[in-house]
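Dear colleague,

I am handing over the structure below, and after it you will find an account of what was found in it. Please read the text alongside the coordinates.

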Amino acid sequence: MSHELLEIKNLSTSFQIDEQYYAAVDDVTLTVHENEVLAIVGESGSGKSATAFSIMGLHSRGKIEGEILFQGNDIANLPPSKLNKIRGKDMSMIFQDPLTALNPLMEIGDQIGEVLLLHNKNMSKSKRREYAAELLGRVGIPRPDRVVEQFPHELSGGMRQRVIIAIAIANQPKLLIADEPTTALDVTIQAQILDLIRELKDDLNSGVILITHDLGVVAEMADRVAVMYAGQIVEEADVESIFVNPQHPYTRSLLSSIPATEYAQDRLHVIQGIVPSLKNLPREGCRFKERIPWMDDSVHEDHPELHEVSDNHFVRCTCYQHFYFPDENKEEQANGVTEG
Amino acid sequence: MALLKVDDLKIHFPIRGGILNRVVDNVKAVDGVSFEVKQGETYGLVGESGSGKTTTGKAVMGLNNITSGDIYFEDGHLNAEKGKKIDVRKDIQMIFQDPYSSLNPRKRVADIVAEPFRNYEKLSKDEELKKVRELLQRVGISADSLYKYPHEFSGGQRQRIGVARAIALNPKLIIADEPVSALDVSVQAQVLNFLQDIQEELDLTLFFIAHDLGVIKHMCDRIGIMYQGRLVEEGLTEEIFNNPQHIYTKRLVAAIPDVDPRNRQKHQSYRAQVKEEYQQSFYDYFDDEGLAFNLKHITDTHKVALPERG
């Protein structure tokens, strides 16, 4: 694998609630290489989007600790004036909701042109238009020369998402962060958008951080996967290990709750309880403990660490060694039955 | 026996224009759809946004004006002339897509769930409260939540409150329009399991509208695939997923992500192959006006919109 593009070291992002800081991202360490797709998976409230926003410097009120090394330079806590030289150019983001990410009062061509202008002051208006149309064509929008003159409301959801992607790739970023890029879309459009991201990655040799709760998308796209729960990474491995040999109880629970796959039974697995809110996160011991109350307390570590269980496969806490589903035979589990 | 029968349903919305605001054209949201939902089964209607699936569901609920066609429920004619029309609002209930906007934020849970009783049954305050408690218990919401407001609940809990309201009057048919698409997978699993339980307990018929094929495959006995206001294929769940015949169904099935990363190459080349077939033969599956053909039986249960010559 080629060299590191982004290295996040011990990143913690905290937000102030009632005079006190609570960490939404807690001691996260991750690396993205060139031409690699790293997927961050988890439910709402797991801290996956907060991680992405920290990288992009979009938390105006959060407290960010740790290092975010982008091409070797620490960009954590850079002032906006300096960040703006990188954002939208070397690193850019595809936002989840195309309807709120686009300006409803601005023509599509001008919105793309704005990104171009910010990073290349010499580009003339007509040239920007021309290039905007070219970008739209590249993301598979039919008749791009017409679309540049249209407004967001005139386009369908899939088209708008492509416009967002066109804006994100306008300056050929080295790092592309895609936050739930296909969640709002129909499955055939989703397939096209994923193909598109994959092609762009290959063309530009970029690194991609894909944030999603859809494990199907992860299986299709990712090279490496980090599973997040309650602000921490609970499992990290290459994509095949995550799906074929999942270890952490949270990863295994997530997999068996997806309908109509080989992981699912007639009755889908339901994770007990709810994702704790930021204020109520258990700060000590295994954070997933409350969601698997049938497991004995002794299986958890007091201070859960990430353990390397096999080459480059990391799992937090020791509870994975003993974990079984409540409806599952304990002995069978002890004999090492795995899915896949 | 068919509980619900939809026969050649058409719903057109007029487009007005010009200085006299005349009707210049129609959007044919639903254009000749026929299907039956049998007592006790789960029937799934699948399609992309704009395919007309929600419009069809709303028409059954009586929330849309029907341009032509008939809807029968049990033995009654739902859209008959005035006077002969039967009132089925008690028997057909709906679960909506977005649990955040389908519950009135200014009402307490007790009032939200009691509303159907207040509209249809004269109950004393005590009886009403007792019934509301029972319903909440059935959907797994604790009784101390009676006087809370919707914002105090998580998405999954809200969706269950929506279900409690929908089953309050013991309906026979529940129309679930994308009931889990706004939820996380594990919460989604909870709501889907719960819908299955309720269905069995109350002998309900479910009419399930969704775009997520995984959810549809898990829940439904039979499936109808909609494309641009027409059904292009209908069959048992296994038939649709294992042996799709219409080019659009094939495209849809191929687009479902495969959860095994080891199949990635294989799945991608299969998808590329279907895409090629789609581009080459798309027009063979539609008539000169771009409409899907009428459905023809290829087995007893499997119907496909194929051209006359086959």
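Domain bounds, on which the first part of this message rests, come from an automatic or database domain assignment. What you have is a predicted model, in which local features need pLDDT of at least 70 and side-chain atom pairs count only at pLDDT 80 or more, while totals for chains, interfaces and linings use all residues. Residues are numbered from 1 along each chain as its sequence is written, and chains are lettered from A and ligands numbered from 1 in the order in which they are written.

The domains of chain A

The assignment divides chain A into domain 1 (1-79 + 174-340) and domain 2 (98-170), and the C-alpha centres of these two domains of chain A lie 32 Å apart. Between them, 10 residues of domain 1 of chain A are in contact with 8 residues of domain 2 of chain A, where contact is taken to hold if the C-beta atoms of two residues, placed from the backbone, lie within 7 Å. On the domain 1 side of chain A, the largest share of the residues that touch domain 2 comes from helix H8 (residues 187-204) of chain A, which gives 5 residues; helices (H or I, at least four residues) and strands (E, at least two) are DSSP runs, numbered from the N terminus. By class, that side of domain 1 has 8 nonpolar, 1 polar and 1 charged residues, with Ala, Val, Leu, Ile, Met, Phe, Trp, Tyr, Cys and Pro counted as nonpolar, Asp, Glu, Lys and Arg as charged, and the others, Gly among them, as polar.

Chain A contains 12 helices and 12 strands. Its radius of gyration is 21 Å, close to the 20 Å that the globule rule gives for 340 residues, so chain A is as compact as a globular protein of that length; the radius is taken over C-alpha atoms, and the rule is 2.2 Å times the number of residues to the power 0.38. The C-alpha trace of chain A spans about 70 × 45 × 40 Å along its principal axes. Of the 340 residues of chain A, 48% count as buried, a residue being buried if 20 or more other C-beta atoms lie within 10 Å of its own, exposed if 12 or fewer, and partly exposed in between, with C-beta atoms placed from the backbone. Among contacts in chain A between residues at least 6 apart in sequence, 62% join residues at least 24 apart.

Chain B has 9 helices and 12 strands, and its radius of gyration of 21 Å is close to the 19 Å that the globule rule gives for 310 residues, so chain B is as compact as a globular protein of that length. Along its principal axes the C-alpha trace of chain B spans about 65 × 60 × 45 Å, and 43% of the 310 residues of chain B count as buried.

In chain A, strand E1 (residues 4-17) and strand E2 (residues 20-33) run antiparallel and are joined by 10 bridges, pairing being assigned if DSSP finds at least two bridges between two strands. Within this pair, Ile8(A) stands opposite Leu30(A) in E2(A). The hairpin has 2 residues between the strands, and Asp18(A) there takes a positive phi near 45 degrees; Asp18(A) is exposed, with 6 other C-beta atoms within 10 Å. Phi of Gln71(A), likewise a residue other than glycine, is positive and near 50 degrees. Gln71(A) is found in the loop between strand E4 (63-70) and strand E5 (73-74) of chain A, and is partly exposed, with 15 other C-beta atoms within 10 Å. For context, most residues other than glycine have a negative phi.

Between the chains, and the core

At the interface, 30 residues of chain A are in contact with 28 residues of chain B. H9(A) gives the most to the chain A side, with 5 residues, and that side divides into 15 nonpolar, 10 polar and 5 charged residues.

The largest nonpolar core has 176 residues, and among those with the most contacts inside it are Ala39(A), Val218(A) and Ile225(B); such a core is a set of buried Ala, Val, Leu, Ile, Met, Phe, Trp, Tyr and Cys residues joined through C-beta atoms within 7 Å. Its largest share, 8 residues, comes from helix H7 (residues 157-169) of chain A.

With best wishes
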